[in-house]
Amino acid sequence: MLQPGQTAPSFALPDADMQTVSLQAFRGKKHVVIYFYPRDGTPGCTLVTTDFSDHEDQFGKFDCVVLGVSRDDCLTHADFRDKHGVTIALLSDPDGEVCRRYGVLQDKQSEDGAWRECLIRSTFVIDKKGVIRHAAYDVKPRGLAAEVYDLVKRLRV
């Protein structure tokens, strides 16, 4: 698992419009909140995504961009975005490569005894230098955006 003080793993992933978004593009310009979520359209994922989206302007006042990442494909992201009026970028990591670098995939045993790789809801605050300032694994969706916003407000611009 990643820890505050470590350099954030770089990535370049497609968004809902199939445009590549890279962490490097924000270096020196913006703080970045990256939240990983299991699946578009589930109640918890919808709650946290719309909450971050509804407060995007507030994050922007602190030179911060919010990025959501899941293993859903770009078309699923586009449908989810359009259905819920989401304005933040939703990035697609279908192979789970970036999810693995951030340590958000865990093996869990299902009721039938089979082991599956599952994405755990996790959030990272990365400063303009690319350093992780906050890392939280297995977070709850309710109130997450407000909690992360409080952390972002404390970052030096």
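**Notebook: helix α3, cysteines and selected residues**

I looked up A89 and found it in strand β5. Helices (H or I, at least four residues) and strands (E, at least two) are taken as DSSP runs, numbered from the N terminus. The model is predicted: local features need pLDDT of at least 70, side-chain atom pairs count only at pLDDT 80 or more, and totals for chains, interfaces and linings use all residues. Residues are numbered from 1 along each chain as its sequence is written, and side-chain values use heavy atoms, with hydrogens and water left out.

**A89**

I noted a relative accessible area of 24% for A89, which is partly exposed. My cut-offs are under 20% relative accessible area for buried and over 50% for exposed, with partly exposed in between (1.4 Å probe, protein chains only). A89 touches V66, L67 and G68, residues up to four places away in sequence not being counted. Contact here means heavy atoms within 4.5 Å. I also checked A89 against D17: the two are 72 residues apart along the chain, and their C-alpha atoms are separated by 9.2 Å.

**Helix α3**

Which residues of helix α3 are buried? In this helix, residues 74-84, I listed C74, H77, A78, F80 and R81. They lie on the same side of α3, because they cover an arc of only 165° around the axis. The arc is that of the directions from the helix axis to the C-beta atoms. An α-helix has 3.6 residues a turn, so residues three or four places apart point the same way. On the other side of α3 I found L75, D79, D82 and K83 exposed.

I then asked what the buried residues of α3 pack against. The partners are β1 (12-14), α1 (43-54), β4 (64-70) and β5 (89-92).

I looked at both ends of the helix. At the start of α3, a side-chain oxygen of D73 comes to within 3.2 Å of the backbone nitrogen of L75. After α3 comes G85, with a positive phi near 65°.

**Cysteines**

I searched the whole structure for disulfides and the search returned 0. A disulfide is counted as a pair of cysteine sulfur atoms within 2.5 Å. C118 is in no disulfide either; its nearest cysteine sulfur is that of C99, 12 Å away. I recorded C74 as buried at 11% relative accessible area and C118 as partly exposed at 26% relative accessibility.

**T49 and helix α1**

I located T49 in helix α1. Its relative accessibility is 0%, so T49 counts as buried. With residues up to four places away in sequence left out, T49 touches Y35, Y37, F80, V86, I88 and L90.

Two packed helices are described by the angle between their axes and the distance between the axes. For α1 and helix α5 (residues 144-153), I read axes that come within 8 Å and cross at roughly 45°. That makes α1 oblique to α5. Axes are lines fitted to C-alpha atoms, for helices over the stretch in contact, and angles run from 0 to 180 degrees between N-to-C directions. Angles under 35 degrees count as roughly parallel, over 145 as roughly antiparallel, 65 to 115 as roughly perpendicular and the rest as oblique. V48, D51 and F52 of α1 make the contact with L144, A145 and V148 of α5.

**R133**

I found R133 in strand β9 (residues 132-137), partly exposed with a relative accessible area of 40%. Neighbours within four places in sequence aside, R133 is in contact with P4, V125, D127 and L155. The side chains of R133 and D127 are joined by a polar contact of 3.4 Å. A polar contact is a pair of N or O atoms within 3.5 Å; within protein, one must be able to donate a hydrogen and the other to accept it, and residues adjacent in sequence count only if both atoms are side-chain atoms. From R133 to Q58 I have 75 residues in sequence and 19 Å in space, C-alpha to C-alpha.

**Positive phi outside glycine**

I noted M18, which is not a glycine, with a positive phi near 65°. M18 is in the loop between β1 and β2 (20-22) and is exposed, with a relative accessible area of 53%. D63 is not a glycine but has a positive phi of about 55°. I placed D63 in the loop between α2 (56-60) and β4, where D63 counts as partly exposed at 26% relative accessibility.
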